[in-house]
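Open the model in your viewer and keep the sequence panel beside it. The stops below say what to select and what is found there.

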Amino acid sequence: MAGQVATGSRSGLRSALPLLLPAYLWLTVAIFLPLSAMVFFSFMTELPLAGKAWAFTLANYTTFFSQGLYWTLLLASLRLGLEVTLWCVVIGYPAAYVLAKVLKGRSREAIFLLVILPFWSNGLVRIFSWAMVLREGGILDTALNAVLPFKINIDLMYSYPAVIIGLVHSYVPYMVLTCYLTLQAIDDSLIEAGRSLGASRLQMLRRVIIPLSMPGLVAGAALIFVPVVGSFMEPRILGGRTGTFYGTVIEDQFVAVFNWPLGAALSFILLAVVLVILALASPVLKRAA
Amino acid sequence: MATTRILEWLGRLYIWLLLAFLYLPIIIMALMSFNVSPFYQLPFEWTTEWYASLWQNDQLISATWNSLEIAIITTIICVVLGAAASLALFRYEFRGKKFLQALLFPPIAIPWLITGTAMLIFFFGVGIGRGLFAILLGHVALALPYVIVVVSARLQTFVPELEEAARSLGANQWQVTSRVTLPWIMPGVIAGGLFAFAVSFDQFVVSYFLSTPGQTTLPVEIYAAIRKGFTPEINAVSTIIIVVSMALMLLTARFFKFGGEK
């Protein structure tokens, strides 16, 4: 009998189904059906609510392709994503290297935790905290004027750099985390061997360390680029009037203009862009796994 | 070797600079929440006035209760559904298993702006509408994949022979699960639960699209207040949130490590 139960439990969807069904049903209702509905609605003239007349149309998509505004904004968001990702690489990769290869033992653990800790606190609140640092008469302004002999006005608030700073602050822990994981896996003796064969530090970095940590870099870049392209709260708070991006326009369609079909089309175009990016990144990630 | 030492020293310095960059705005916000001037003017004068006035702010208080309620219910549902699904994915072999596992990634990888607006459209279309129930539906869906990933990671360290040993000693399927398997995955379940709580409690984007003026969560309320203008009360409540969620993450890290060692 016992053997029968054991073999029975190793096979079959039938035993797995009752355990799987609730979770996947929930995901279907709250994620997969909504995403499909969004695609459907994006081809409609009106939402089919309260007996409104609606028809199928391509107008929402032709709006995107014919009006330069949406194109420009999508490009601006892609550029924002690229810039933030680059800054995260520049700032995060060296930090990950120091964590993985210089620090040891308990201090490594403690600092690693300190780096990823803010990441799990409220993103909105962290963006808001920059407002106090960046505004005129804010901390940065006051501190610089206290140190410098001449008077300067620092008012970065409501500017493009403010958006960049806030987003890099939000997402750099991702890059440190993913790079740290791949860098840590590189065997120290490999580095020693290369060095003893006469490779300079720079050569080691270029020929060995960076290629081996590429999966971490790509994973980090994808994890940062994708949400930044779809960001709207950060540009709104830190960018003010200059903070109009693709994400904020989608937000407007849903909460201000109430053109939901257009909003759905814009969201779906963003989803397509995101999927292309993830598809491009996946070969590098698969090679690592 | 002198260069090595200098480089190492520079590396350490660099890490501390990064930590300063990460924590400075948060520390300044916390300090300003104790400052008399509502416009963040220096010199600094100590007050707890803003924390006191939080208690008078009914809107913020009711939003906080909503956030806590939703986060707790989300955690319970996610832990139960997530642990069940992880067990099934671990224990059984069947066709389409890889596909089911791959399905966990879209909710994590797709920007919340897209998921949130899609939920808004769909819930409106099928008559669920907006409000706290819709927010709960959304939060569970967002947090569930994280819980399944975390619990599955813990299950990787499980030895299936333990279950067989228990069976050969006469335990039935329910006893095997409750006395052998569940205790083993408990650290993963607790870590997953803390993740779920954090995902829900900090969630802004999806809640934003699904909330109505009366039925809203704390982050949505904070966003509305920020857009109206800076208020020192928001500093105070933000500081509380940051401290609570960091404490929660420290707890999670403890359980994670606990999971990794044993």
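Buried here means under 20% relative accessible area, exposed means over 50%, and partly exposed lies in between, with a 1.4 Å probe and protein chains only. Helices (H or I, at least four residues) and strands (E, at least two) are DSSP runs, numbered from the N terminus. This is a predicted model, in which local features need pLDDT of at least 70 and side-chain atom pairs count only at pLDDT 80 or more, while totals for chains, interfaces and linings use all residues. Residues are numbered from 1 along each chain as its sequence is written, chains are lettered from A and ligands numbered from 1 in the order in which they are written, and side-chain values use heavy atoms, with hydrogens and water left out.

**Stop 1: a helix in chain A**

Select residues 123-134 of chain A, which form helix α6. This helix has 12 residues and spans 17 Å from its first C-alpha to its last, close to the 16 Å expected at 1.5 Å a residue; the expected span is 1.5 Å times one less than the number of residues. Of the 12 residues of α6(A), 11 are buried, so the helix is largely enclosed by the rest of the structure. The buried ones include A:R126, A:I127 and A:W130.

**Stop 2: A:S170**

Move to A:S170, in helix α8 (residues 160-184) of chain A. Which residues does A:S170 touch, not counting those up to four places away in sequence? They are A:F119, A:R126 and A:I127, where contact means heavy atoms within 4.5 Å. A:S170 is buried, with a relative accessible area of 6%.

**Stop 3: B:A236**

In chain B, select B:A236, in helix α12. Its relative accessible area is 0%, so B:A236 is buried. Leaving aside neighbours within four places in sequence, B:A236 is in contact with B:S33, B:W50, B:Y51 and B:L54.

**Stop 4: a cavity lining**

Finally, select A:W120, B:L194, B:F195, B:A198, B:L248, B:M249 and B:T252, which line the second largest cavity. A cavity is a set of points, on a 1 Å grid over the protein atoms alone, where a 1.4 Å probe fits but cannot get out, and lining residues have an atom within 4 Å of a point. In chain B, α9 (173-202) and α12 (232-261) each supply at least two residues of this lining.

Notes. 1 Å grid on protein atoms, 1.4 Å probe; cavity = no way out; pocket = protein on both sides within 12 Å on 5 of 7 lines; lining within 4 Å.
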